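Subject: Structure for you to look at, with notes

Dear colleague,

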Amino acid sequence: MNDKEKSTHFHPIIQLVILIVIAALCGFVAVLAGFAIYGAIYSFAPMLEMIKLRGEGMDIRFLRILQISSTIGLFIMGPLVYAKIDNYKVGEYFRFKTKINPLLILLTILLVFFSLPLLDYIANLNQKMALPHFLQNVETWMKAKELEATQLIEKILVMKSYQDLAINLLMIAILPAIGEELMFRGTLQHIFTTLFKNAHVAIWITAILFSAIHLQFFGFFPRMFLGVLFGYMFFWGKNIWLPILAHFLVNGIQVIMAFKMQQEGKTIPDIMNNASFQWFTCLLSLVLTIVLLWLYHKKSTINNLPSYE
């Protein structure tokens, strides 16, 4: 990219500010649209009461519309509008059309499946986390946020029909995979790479933010692990559809497994506590994940990657 082209873009710090403002505005407008859709289809009267309940007593239809609209506004429209405002060509900026080595698609799928036992093991260790005594108030707050999130997830994951399954795949797997990858890998990782002049620093910072924004601190490290995995998939594979595919598979597998287990008569708490670990399975998962990442790196075209600047 020549100096004239570089000068058409804002400084990375300004880019961050613009992104936050644009994403917040798009999210706000989308949520208002969600309220309007719910009110038009059902009723405006109970909405304020349901908002006060914060998940536990909300109508599941309201939760779904709110979740879908906020994801579209904040994570999909936000980055797309930002890219246009900062004078980028959307297709090039997010690398939608970059040619993909077909082997990378296969490696992406294998990486997701073979890393799941390792991911579950990290999650189990994270849930046992305890902060020092002087941070007891912080730990209490973290546990309260975790309980809030768990109650919301338990409500959303109740699926009594294939229609519920389809809605949840859209709400939990498809839209978040597209939106969160556009926001984090496609935009924030790009900005941080330009700011720090180091793609590896950018990948880790983005992964930390990706995990932190979910406000589930007892699931922080497995989500950060996924953020790093998705980040290198994007950096090495240089096409946003690769981390989107991986993200979709991670979330989609969990939704389908929850549906299948409910069909077998298990409750949501049973499903969420259905973790068993064997050391050799986790070790094998670790080894295979490292080998597959090495192959992914080897088969990608990292040496020909265009500059982020």
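Helices here are DSSP runs of H or I with at least four residues, strands are runs of E with at least two, and both are numbered from the N terminus. Please bear in mind throughout that this is a predicted model. On that basis the protein chain has 13 helices and zero strands, and its pattern, read along the sequence, is α-α-α-α-α-α-α-α-α-α-α-α-α. The chain has 309 residues, of which 44% count as buried. Where contacts join residues at least 6 apart in sequence, 78% of them link residues at least 24 apart.

H10 is mostly covered, since 16 of its 18 residues are buried. Just after H10 comes Lys-238, which takes a positive phi of about 45 degrees.

On the H10 side the contact is made by Phe-225, Leu-229, Tyr-232, Met-233, Trp-236 and Gly-237, which meet Thr-289, Leu-293, Tyr-296 and His-297 in H13. Sorted by class, the contact of H10 with H13 contains seven nonpolar, three polar and no charged residues.

Two of the residues in that contact, Met-233 of H10 and Tyr-296 of H13, also touch Thr-108. Thr-108 lies in helix H6, which spans residues 102–127, and because its relative accessible area is 0%, under the cut-off of 20%, Thr-108 counts as buried. Leaving aside residues up to four places away in sequence, Thr-108 touches Leu-242, Leu-245 and Ala-246 as well as Met-233 and Tyr-296. Thr-108 is also 9.4 Å from Phe-230, C-alpha to C-alpha, although 122 residues separate the two in sequence.

Asn-87, in the loop between helix H4 (60–85) and helix H5 (90–93), has a positive phi of about 65 degrees although it is not a glycine. Arg-95 is found in the loop between H5 and H6, and Arg-95 likewise has a positive phi, of about 55 degrees, without being a glycine. Is Arg-95 buried or exposed? With a relative accessible area of 7%, Arg-95 is buried.

Finally, a word on the cysteines. How many disulfides does a search of the whole structure find? That search finds zero disulfides. Cys-26 counts as buried at 17% relative accessibility, and Cys-282 is buried too, with a relative accessible area of 9%.

With best wishes

Terms used
Residues numbered from 1 in each chain as written. Predicted model: local features only at pLDDT ≥ 70, side-chain atom pairs only at ≥ 80, totals over all residues. Heavy atoms only, no water. Buried < 20%, exposed > 50% of the residue type's maximum accessible area, 1.4 Å probe, protein only. Contact = heavy atoms within 4.5 Å. Nonpolar A, V, L, I, M, F, W, Y, C, P; charged D, E, K, R; others polar. Disulfide = S-S within 2.5 Å.
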